[in-house]
There are 2 protein chains.
Amino acid sequence: MTKRLTISVDAMGGDDAPEMVVAGMELARQRLPHVDFLLFGDREKVEPLLASYPSLQKRCEFRHTDEMVLNEDKVAVALRNKRQSSMRLAINAVKDGEAAGVVSAGNTGALMAMAKFVLKTLPGIERPAIATVLPTISGQTVMLDLGANVDCDGDNLVQFAIMGEVFATNVLGLEKPRIGILNIGEEELKGNEAVQQASTMLQEIDLPIHFHGFVEGDGIGAGTVDVVVTDGFTGNVALKTAEGTAKMLGHFLKEALTGTLLGKLGALIAGPALNAFKERVDPRRYNGAMFLGLNGICVKSHGGTDALGFANAIGVAAELVSRGINEGIKRDMEKFVHNPHEEQAAEA
Amino acid sequence: MTKRLTISVDAMGGDDAPEMVVAGMELARQRLPHVDFLLFGDREKVEPLLASYPSLQKRCEFRHTDEMVLNEDKVAVALRNKRQSSMRLAINAVKDGEAAGVVSAGNTGALMAMAKFVLKTLPGIERPAIATVLPTISGQTVMLDLGANVDCDGDNLVQFAIMGEVFATNVLGLEKPRIGILNIGEEELKGNEAVQQASTMLQEIDLPIHFHGFVEGDGIGAGTVDVVVTDGFTGNVALKTAEGTAKMLGHFLKEALTGTLLGKLGALIAGPALNAFKERVDPRRYNGAMFLGLNGICVKSHGGTDALGFANAIGVAAELVSRGINEGIKRDMEKFVHNPHEEQAAEA
């Protein structure tokens with residue numbers, strides 16, 4: 001039996017909040033019988049929605065607040081002035097031990113800043129990273145950082161690699177995950193200083209990983225490695241480029257199949273097969289970006305998602321808690337800092 | 001009538017060279033009646049191939065050399081020791097005025113280093129950039145740099161923007177191309193120092209462009225802008241991520257359509273429509289990476305391409321010559337350096 005746990009939820013974040021949020025919680029309730037909820041938001045908007053899901057209401061404690069973080073809020077302003085916002089209160093619940101993790105579909109920058117301020121980072125982690133699971137030809141891969149850190153040095157990248165390794169081991173269930181650093185060539189001499197430094201350190205690291213070396217952009221979709229490590233600038237551009245390419249190809253395919261009579265007829269007959277294809281790459285399946293490296297579980301849902309996508313993000317948070325991701329990161333960071341190579345590096 | 005011009009070709013570069021190269025030249029000969037060829041390579045291998053295309057032979061001067069650049073050659077070694085290689089001689093022909101442009105499917109790093117050494121950069125251009133045309137939902141876009149420059153400052157990015165603008169105007173025929181800088185958000189304050197600097201300079205530039213501002217990775221496929229400007233690290237990762245995503249989706253689609261009987265039947269009936277889709281995103285259509293900013297036209301074909309792809313790369317080189325890309329870059333760089341804003345920046 002899975003241990004019961006509570007997820008705190010920001011009812012007010014996301015384009016279609018709070019309707020989408022509450023409907024997503026109802027889906028998650030059905031899928032995850034071991035999860036209870038602590039929900040923060042505007043009483044007038046949220047309570048009528050909750051009332052339509054009596055089974056959810058039994059597993060959800062609701063707390064009212066007038067304040068909410070807007071998408072257009074500057075990060076610093078949200079951090080300073082929105083201490084009673086649904087987002088902030090949902091994060092506080094994790095800090096206070098009332099919830100094991102938090103999910104929000106609101107302003108990404110504000111969520112990261114608040115979560116970092118309230119929860120702090122895990123020992124040895126200088127900066128948290130945003131991570132997500134992506135589909136590949138051979139299965140799936142986890143990529144980080146996706147935008148929390150524009151400039152990264154070698155140490156940051158190594159810390160991301162360790163967090164990715166723990167995710168791949170604890171959550172994806174891999175024994176010795178293959179780690180790759182995103183670069184513009186696979187040769188050892190390519191790339192900038194940060195990737196060079198990180199590569200040197202990872203070659204000698206005393207952890208149960210297989211360091212593959214450098215991986216190029218097309219290695220992401222090919223599934224060359226289980227963990228793709230990169231700085232937040234490159235990772236964000238790569239993730240969004242992949243999304244944009246998928247959207248463009250979907251558009252072209254639809255145009256081709258609706259442009260001619262035979263195309264339409266073929267698409268009709270191949271309907272179930274095409275739907276299986278669509279489902280396989282449905283972005284909602286991969287919704288739920290993980291803020292790794294914080295002393296508490298925090299998951300960001302895409303703001304434009306629907307109930308199904310939000311339910312998946314809740315599932316990601318519950319999984320991170322159940323699989324003990326943070327205990328794993330703490331343990332491996334401890335091993336890492338007691339690694340003789342690293343001590344030498346620290347002395348130098 | 002288009003003016004006659006000569007393209008020099010490295011017969012020995014590419015996975016299937018020289019067969020693929022000569023077959024590609026034959027295709028290009030048929031398509032481009034105004035183009036003559038100057039071909040460099042190993043007599044024993046190339047002459048028998050040429051003999052099978054009598055019409056090509058009439059428009060092609062062949063020159064023998066034993067030496068060739070290998071894919072595994074280090075850039076510095078190729079530059080120092082391979083002065084009689086087919087690649088180097090083909091570049092020399094441009095420098096000496098025997099050819100208007102050069103095409104090679106060989107070692108990218110060696111080609112860039114040799115071309116830079118032999119041809120030098122255009123006035124005002126500090127570093128050449130690799131550019132390519134990519135398909136978008138609404139048409140096409142040109143992206144640069146794709147890997148020549150790992151670290152770029154604001155000035156480099158502005159020079160790339162100007163080269164991209166000239167390409168979009170002269171070759172794509174746009175009146176006032178929309179220029180975007182690749183970033184991790186569209187807000188003005190996002191990103192690293194280089195993109196911030198470049199954005200400030202481009203906002204005040206006195207050239208016939210429309211500076212759109214920042215564009216995210218998904219803006220590439222969406223066709224948000226006509227020119228996507230980025231550093232070589234990010235651009236290379238973005239390009240290869242897009243290629244990898246397309247390959248993965250193609251794989252998934254094929255699996256779906258061959259996995260069930262109805263899928264197969266539907267695909268059979270929609271065959272012509274699916275073929276039109278495939279053709280639209282055929283990477284061979286977009287083959288031919290342009291080295292912009294050199295004092296001479298140089299185009300790099302994908303090493304793994306076939307005759308059709310190589311013919312397209314020759315087409316790109318011929319187009320860059322005919323449309324006077326370098327005259328355009330010279331003219332706009334001159335305007336740019338006489339721009340009062342830039343003079344202030346230079347003094348500061």
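Predicted model: local features only at pLDDT ≥ 70, side-chain atom pairs only at ≥ 80, totals over all residues.
**How the two chains are related**

- Two copies of a chain are related by a rotation about an axis and a shift along it.

- Strands of a sheet pair through backbone hydrogen bonds, either parallel or antiparallel.
- In chain B, eleven strands make an open sheet with mixed pairing, and their order is β3-β2-β1-β4-β11-β10-β5-β6-β9-β7-β8.
- The edges of this sheet are β3 (60–64) and β8 (210–215) of chain B, and because each has a single partner strand, one side of each is left without a neighbour in the sheet.
- From one strand to the next, the twist of the sheet averages 25°.
- Strand β10 (residues 289–292) of chain B pairs with strand β11 (residues 297–300) of chain B in the antiparallel sense over two bridges, and within this pair M290(B) stands opposite V299(B).
- β10(B) and β11(B) form a hairpin with four residues between them, and G293(B), which lies in the turn, has a positive phi of about 105°.
- In a regular strand the side chains alternate between the two faces of the sheet.
- In β10(B), A289(B) and F291(B) point one way while M290(B) and L292(B) point the other way, and all of them are buried.

**The sheet of chain A**

- Chain A also has an open sheet of eleven strands with mixed pairing, in the order β3-β2-β1-β4-β11-β10-β5-β6-β9-β7-β8.
- Its edge strands are β3 (60–64) and β8 (210–215) of chain A, each with a single partner strand, so one side of each is left without a neighbour in the sheet.
- Strand β2 (residues 35–41) of chain A pairs with β3(A) in the parallel sense over five bridges, and the bridge partner of F37(A) in β3(A) is C60(A).
- Helix α1 (residues 19–31) of chain A packs on the sheet, where it touches β1 (5–10), β2 and β3 of chain A, and its direction makes about 170° with that of β2(A).
- Helix α13 (residues 307–322) of chain A lies across β1, β2, β4 (101–104), β10 (289–292) and β11 (297–300) of chain A, and runs at about 160° to β11(A).

**A helix of chain A against chain B**

- Helix α10 (residues 232–259) of chain A lies across two strands of chain B, β5 (129–136) and β7 (178–182), and runs at about 35° to β5(B).
- α10(A) also packs with helix α12 (residues 271–280) of chain B at an angle of about 145°, with their axes 8 Å apart, and the crossing of these two helices is right-handed.
- Among the residues that meet where these helices pack are L249(A), F252(A) and L253(A) in α10(A), and A273(B), L274(B) and F277(B) in α12(B).

**Cysteines**

- A disulfide is a covalent bond between the sulfur atoms of two cysteines.
- The structure holds zero disulfides over all chains, and for C152(A) the nearest cysteine sulfur, that of C152(B), is 18 Å away.
- C152(A) is buried, because its relative accessible area is 15% and buried means under 20%.
- The sulfur of C60(B) is 18 Å from the closest cysteine sulfur, in C298(B), which is too far for a bond, and C60(B) counts as buried at 12% relative accessibility.

**A loop residue in chain B**

- D73(B) lies in the loop between β3 and α4 (75–81) of chain B, and it is buried, with a relative accessible area of 16%.
- Leaving out residues up to four places away in sequence, D73(B) touches M68(B), A78(B), K82(B) and N107(B).

Notes: Residues numbered from 1 in each chain as written. Chains lettered and ligands numbered in written order. Heavy atoms only, no water. Disulfide = S-S within 2.5 Å. Buried < 20%, exposed > 50% of the residue type's maximum accessible area, 1.4 Å probe, protein only. Pairing = 2+ DSSP bridges. Axes fitted to C-alpha atoms, helices over the stretch in contact; angles between N-to-C directions. Contact = heavy atoms within 4.5 Å. Left-handed = near helix turned anticlockwise from the far one by under 90°.
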